[in-house]
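The following explanation leads the reader through one protein model, from its overall form to a single residue. Please keep the sequence and the structure in view while reading.

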Amino acid sequence: MDLGIKGRKAIVCAGSKGLGRGCAMALAQAGVEIVLNARGADALAATANEIMAATGVTVTPVAADITTPEGRAAVLSEAGEVDILVTNAGGPPPGNWRDWSRDDFIAALDANMLAPIAMMQAVLPAMIEQRWGRVVNITSQSVRAPIAQLGLSNSARSGLTGFVAGTSRQVAEYGVNINNLLPGLHATDRAVSLDTGAAKAKGISVEEAKAQREATIPAGRYGTPEEFGATCAFMCSGHAGFMVGQNVMLDGGLNNISI
């Protein structure tokens, strides 16, 4: 399917690996020029080169911490006006409610709520002016089905969801669409981290912990960054103009939520 976005420009945050990389690759395959952000310069440069070699589109790496004002300024300065924004940031660590301080919550809010909001506030005016734009926020299945040990993530990402619910409906008339993409369990470093934590808690191997979690998924496996990226690219496409303020769950059927 021609997604109708060839020649557009996108910012993809936390795009050097995992789900962000999957989104960047899928958008590049659709002909979108990419401004690729992550903190690690070496991994970022390697990913940018791989995507350019695979697709032939221009990929500009910007090594910066998107959760800081300085990092956002660096990315936005390099990108200029863009048509597409994909926000993404690593999730806060799992834990117990007894363990979290105010500083822990502030860090979670900065990374998973306030940073994507600031990026949207920066790019939306130009999108409105040109009467076209797409924003996809990578959040988490925990927004719709909170996970006990992910209280920091539940809190911050739910705040972002509330912001998007209102803002998306304020900008839709200008051809600007904001939606959220909610990953379930995917084969990324984040999954390895959670599997490792579960293994330590249960006194089993990481492989056993992974197998136990895969067994809870009706699809019988973890998702892949490639299929996640393909979903993101469709949400950024010219075919998604009637999708406004939605929370799209991509979890292999793990959460039986009908609304």
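The model is predicted. Its secondary structure consists of eight helices and seven strands. Along the principal axes, the C-alpha atoms occupy a box of roughly 55 × 40 × 40 Å. The radius of gyration is 18 Å, which agrees with the value near 18 Å that a compact globule of 259 residues would have. Contacts along the chain can be described by sequence separation: of those between residues at least 6 apart in sequence, 73% join residues at least 24 apart.

Burial and surface come next. Of the 259 residues, 47% count as buried. The protein exposes about 11800 Å², and carbon and sulfur atoms supply 53% of this area.

Thr139 is placed in the loop that runs between β5 (133-138) and α5 (151-171). Is Thr139 buried or exposed? The relative accessible area of Thr139 is 4%; because buried means under 20% relative accessible area, Thr139 counts as buried. Which residues does Thr139 touch, if those up to four places away in sequence are not counted? The contacts of Thr139 are with Arg157 and Leu160, and with Asn180, Leu181, Leu182 and Pro183.

Key. Residues are numbered from 1 along each chain as its sequence is written. This is a predicted model: local features need pLDDT of at least 70, side-chain atom pairs count only at pLDDT 80 or more; totals for chains, interfaces and linings use all residues. Side-chain values use heavy atoms; hydrogens and water are left out. Helices (H or I, at least four residues) and strands (E, at least two) are DSSP runs, numbered from the N terminus. The radius of gyration is taken over C-alpha atoms; the globule rule is 2.2 Å times the number of residues to the power 0.38. Buried means under 20% relative accessible area, exposed over 50%, partly exposed in between (1.4 Å probe, protein chains only). Contact means heavy atoms within 4.5 Å. Accessible areas come from the Shrake-Rupley method with a 1.4 Å probe; for residues, only the protein chains shown count as cover.
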